[in-house]
Amino acid sequence: CVSVTAVAIAAGAGGAVVSAPFVLGAIGFTSAGIAAGSYAAGMMSSAAIANGGGVAAGSLVAVLQSAGMAGLSGSVTAAVASAGGTVGFLATLI
């Protein structure tokens, strides 16, 4: 049914946008920086080793930390909503 699909897409998109800050904090990308001993710290360590000691600007770790500190930008919010909407749609196919 079209209305069920529309509701699932909207719920997926909205849920993804609302939950993104909580998920970022839970894995260690906090407003105070990367939490010691967290999954984010492991990602940062791996990225630094791969880049000769530093984390490259624009890398996944840098983008996630920026989102953890300042919140999601408009384009990131749109991408997260799109991914969530896709998941919501796919859930209707199951």
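**Entry 1: Ser-38.** I started with Ser-38, which sits in the loop between strand 2 (33-34) and helix 2. A reminder to myself: this is a predicted model. Is Ser-38 buried or exposed? The cut-off for buried is under 20% relative accessible area, and Ser-38 has 19% relative accessibility, so Ser-38 counts as buried. I then looked for its partners, skipping residues up to four places away in sequence, and found that Ser-38 touches Ile-27 and Gly-28.

**Entry 2: the record.** Next I checked UniProt. The unreviewed entry there annotates residues 6-27, 39-64 and 70-93 as "transmembrane region". I compared two of these spans with the model. Residues 6-27 are 95% helix and 0% strand, and their end C-alpha atoms lie 31 Å apart. For residues 39-64 I noted 65% helix, again with 0% strand, and 12 Å between the end C-alpha atoms.

**Entry 3: helix 1 and helix 4.** How do the axes of helix 1 (residues 2-26) and helix 4 (residues 74-93) cross? They come within 7 Å and cross at roughly 140°. Angles over 145 degrees would count as roughly antiparallel, so helix 1 and helix 4 are oblique to each other. Helix 1 passes helix 4 in a right-handed crossing. On the helix 1 side the contact includes Gly-12, Ala-13, Ala-16 and Ala-20. Helix 4 brings residues including Ala-81, Gly-84, Gly-85 and Gly-88.

**Entry 4: helix 2 and helix 3.** The axes of helix 2 and helix 3 come within 9 Å and cross at roughly 145°. Here the crossing is left-handed. Met-43, Met-44 and Ala-47 of helix 2 make the contact with Leu-60, Val-61 and Leu-64 of helix 3.

**Entry 5: the core.** Which residues make up the largest nonpolar core? I listed 8 residues: Leu-24, Phe-29, Ala-40, Met-43, Ala-47, Val-61, Leu-64 and Ala-67. The elements giving two or more residues to this core are helix 2 (39-50) and helix 3 (60-70). Last, I followed up Ala-67. Leaving aside neighbours within four places in sequence, Ala-67 is in contact with Leu-24 and Leu-72.

Technical notes: Residues are numbered from 1 along each chain as its sequence is written. This is a predicted model: local features need pLDDT of at least 70, side-chain atom pairs count only at pLDDT 80 or more; totals for chains, interfaces and linings use all residues. Side-chain values use heavy atoms; hydrogens and water are left out. UniProt positions are given in the numbering used here, feature names are shortened, and annotations may be inferred rather than shown by experiment. Helices (H or I, at least four residues) and strands (E, at least two) are DSSP runs, numbered from the N terminus. A nonpolar core is a set of buried Ala, Val, Leu, Ile, Met, Phe, Trp, Tyr and Cys residues joined through side-chain atoms within 4.5 Å. Buried means under 20% relative accessible area, exposed over 50%, partly exposed in between (1.4 Å probe, protein chains only). Contact means heavy atoms within 4.5 Å. Axes are lines fitted to C-alpha atoms, for helices over the stretch in contact, and angles run from 0 to 180 degrees between N-to-C directions. Angles under 35 degrees count as roughly parallel, over 145 as roughly antiparallel, 65 to 115 as roughly perpendicular and the rest as oblique. A crossing is left-handed if the near helix is turned anticlockwise from the far one by less than a right angle, and right-handed if clockwise.
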